[in-house]
Amino acid sequence: MEDTNEAEMLIPEQQEIQANREWQKEKNMINDLYRSGVNGVLGGSTGVDMDKDVDTTTENTPIISSQGAIKVQSRMSDSFPGIQMSNNTRPQSPVPMEGHIPKMSSSPPKAASGWPSINPSHKKAVTTFCPPKSKRQKKYRSVISDVFDGTIVSSVQCLTCDRVSVTLENFQDISLPIPGKEDLAKLHSATHQTALVKAGSCGEAYAPQGWVSFVMEYIKSWFWGPVVTLQDCLAAFFARDELKGDNMYSCEKCKKLRNGVKFCKMQSLPEILCVHLKRFRHELMFSTKISTHVSFPLEGLDLQPFLAKDSPAQTTNYDLLSVICHHGTASSGHYIAYCRNDVNNLWYEFDDQSVTEVSESCVQNAEAYVLFYKKSNEDALKERRRVSGLFNMMEPSLLQFYISRQWLNKFKTFAEPGPISNDDFLCSHGGVPPNKATSIDDLVVMLPQNVWDHLYSRYGGGPAVNHLYVCHTCQIEIEKVEKRRKSELDMFVRLNKAFQEEESPVVIYCISMQWFREWEGFVKGKDNDQPGAIDNSKITVNKNGHLTLKQGADSGQISEETWNFLHSIYGGGPLVTVRPNVSHQEAESSQSEEKIEMETRSV
């Protein structure tokens with residue numbers, strides 16, 4: 001938007017009132033058509049084609065330049081360091097848009113009979129706008145979610161009607177209790193193990209353990225304290241919880257508080273498992289620290305016993321990546337970390353600025369507070385070696401395929417990368433979105449045909465891409481939105497300027513500034529999403545059955561013509577008006593009438 005337009009929109013210049021018959025006639029026409037059912041006109045009920053082609057031949061330049069085709073610089077040496085790849089740029093077929101300005105149609109737009117006397121530019125601005133649908137909720141993806149997200153399924157069973165309610169919840173870390181002697185005895189006992197297995201919980205975690213080993217550990221605990229393993233903590237977390245007494249279950253079927261049983265399992269496993277041990281207990285007046293040593297494996301942590309039966313997870317083994325330790329008391333202390341270097345497979349201690357190589361036994365004897373485990377899958381390592389071998393073959397290919405660099409990073413690091421997904425550089429039409437054309441080299445990697453065939457047969461997904469082009473449909477849509485933005489903004493600036501020139505408007509319309517800011521962001525190009533319907537519900541208050549402006553509400557003042565223009569496009573409400581020219585006597589009379597009416601109602 002030009003600076004002059006922005007200044008007029010936000011702080012319109014006060015000019016002398018000039019009689020503009022043509023403009024007044026146009027404003028009257030907007031109001032008359034709006035009152036007579038402009039929504040019907042906009043909806044197409046009077047024969048106006050809302051989806052008709054728009055002539056874009058008058059545009060000066062296309063939004064996205066299409067000089068030549070998209071070129072991708074091959075950087076496979078970055079993706080697979082051990083492979084020697086050519087860095088030659090592969091030319092693409094020319095984009096069909098080259099040499100002319102994109103347009104939807106060369107035919108001029110048809111005249112709309114519903115707007116006979118309005119200025120053609122403003123007529124086009126209104127009749128080509130469809131009332132937008134409600135604002136869609138955005139879906140965001142995050143590398144944090146890709147790495148740390150897992151899912152737990154929780155089940156609660158009513159012991160009266162046997163109804164089972166199931167809920168799914170995502171987690172990025174799990175906080176495990178550290179069981180004491182009595183808890184360990186219950187977890188290891190054969191009777192409790194049987195009850196857990198019948199209840200569908202995690203008693204099978206102790207299936208391989210016999211009575212001899214249990215007795216030996218129990219005797220050791222009398223001399224050196226309880227021997228607690230990370231598997232014990234997991235079993236305690238996933239053990240069934242009896243809901244009774246003050247913690248009864250509100251059954252939706254019985255409509256009463258009932259005794260119940262709650263148990264949970266893992267539905268999906270994260271790539272990186274973050275485990276937090278509850279070492280601190282906070283009471284009302286003081287806090288204590290649980291210094292019980294919890295032994296944990298450096299390799300081969302198996303989560304199979306804690307998986308739900310219908311879980312799609314295939315890889316259940318985890319290897320330790322790092323450990324965070326806390327030294328000190330509950331009120332004060334110091335944190336250090338032990339981390340494994342994935343290149344040389346050695347362990348290092350990180351203590352502030354000091355980094356020291358340590359042995360595996362030093363790590364295992366640490367008082368763990370937070371542990372990070374990574375999925376371990378030998379098949380994934382074999383696949384990476386196999387793909388590297390296919391690259392080194394340098395087999396000549398008739399076709400070259402493009403794959404998402406983001407997915408390829410998953411393939412190099414994740415135990416389960418999932419299906420190939422090229423959606424991060426493709427639009428819904430199969431081309432490259434215009435706003436990603438300049439950065440396509442950072443989004444894709446070029447593969448020979450034999451490598452693509454192998455990855456596609458192994459992981460599926462797609463779609464297969466062997467030709468990159470700027471999407472013509474997306475470019476037309478972008479131009480159409482830009483034309484709409486400009487038309488809406490121009491009309492608003494003109495209507496608002498006329499409103500500022502009025503000395504004493506008869507009626508002033510109020511609009512929510514929250515909605516107006518969303519609309520302003522859209523027409524200025526700061527937000528790609530259209531605003532939803534006008535929502536004035538937060539600036540209104542109901543008084544005696546009438547909606548009035550709430551005192552101190554975040555609202556703006558606009559003219560009747562501006563309200564009709566915006567409402568004809570976006571709809572919504574409710575309508576809120578202020579009449580500034582009501583005399584003092586009329587106001588007092590109105591208040592007395594309301595008082596009489598209220599007294600009459602009370603009688």
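Trainee: Is Arg458 buried, exposed or partly exposed?

Mentor: In this predicted model, Arg458 is partly exposed, with a relative accessible area of 41%. The cut-offs explain the label, because buried means under 20% and exposed means over 50%.

Trainee: With which residue does the side chain of Arg458 meet in a salt bridge?

Mentor: The general idea comes first. Side chains of opposite charge can pair when their charged atoms come close. Here the partner of Arg458 is Glu383, at 3.5 Å from N to O. Glu383 is buried, at 7% relative accessibility.

Trainee: How many salt bridges does a search of the whole structure find?

Mentor: The search finds 15. One of them joins Glu367 and Lys289, with the closest N and O atoms 3.0 Å apart. Glu367 sits in the loop between helix 11 (360-364) and strand 20 (368-375), while Lys289 is in strand 13 (residues 287-289), so this pair ties together parts that are 78 residues apart in sequence. Glu367 counts as partly exposed at 22% relative accessibility, and Lys289 counts as buried at 19%.

Trainee: Which residues are linked with Glu242 in a network of salt bridges?

Mentor: Arg240 and Lys244 are linked with Glu242 in that network. Between Lys244 and Glu242, the closest N and O atoms are 3.2 Å apart. Glu242 is partly exposed, at 40% relative accessibility.

Trainee: How many helices and strands does the chain have?

Mentor: There are 18 helices and 31 strands. The chain has 603 residues, of which 40% count as buried. Its accessible surface is about 34,200 Å², and 51% of that belongs to carbon and sulfur atoms. For contacts with a separation of 6 or more, residues 24 or more positions apart account for 74%.

Trainee: In what sense do strand 18 and strand 19 pair?

Mentor: Strands of a sheet pair through backbone hydrogen bonds, either parallel or antiparallel. In this case strand 18 (residues 347-351) and strand 19 (residues 354-358) are antiparallel, with five bridges. Trp347 has Val358 in strand 19 as its bridge partner. The two strands form a hairpin with two residues between them, and Asp352 in the turn has a positive phi of about 55°.

Trainee: Which residues is Ser322 in contact with, leaving aside its neighbours within four places in sequence?

Mentor: Trp347 is one of them, and the others are Tyr338, Cys339, Val370, Leu371 and Phe372. Ser322 itself is found in strand 16 (residues 317-328) and is buried, with a relative accessible area of 14%.

Trainee: What is the phi of Lys255?

Mentor: Lys255 has a positive phi of about 60°, although it is not a glycine. Its place is the loop between strand 8 (249-251) and strand 9 (256-258). At 69% relative accessibility, Lys255 counts as exposed. Asn345 is not a glycine either, and its phi is positive at about 65°. Asn345 lies in the loop between strand 17 (333-340) and strand 18 and is partly exposed, with a relative accessible area of 43%.

Trainee: Is the peptide bond from Gly462 to Pro463 cis or trans?

Mentor: That bond is cis, with omega near 0°. Pro463 is in the loop between strand 24 (461-462) and helix 15 (472-500). The bond from Gly573 to Pro574 is also cis, with omega near -5°, and Pro574 is found in the loop between strand 30 (572-573) and strand 31.

Key:
Residues numbered from 1 in each chain as written. Predicted model: local features only at pLDDT ≥ 70, side-chain atom pairs only at ≥ 80, totals over all residues. Heavy atoms only, no water. Salt bridge = Lys/Arg side-chain N within 4 Å of Asp/Glu carboxyl O. Buried < 20%, exposed > 50% of the residue type's maximum accessible area, 1.4 Å probe, protein only. Helix = DSSP H or I, 4+ residues; strand = E, 2+ residues; numbered from the N terminus. Contact = heavy atoms within 4.5 Å. Areas by Shrake-Rupley, 256 points an atom, 1.4 Å probe, with all protein chains shown as cover. Pairing = 2+ DSSP bridges.
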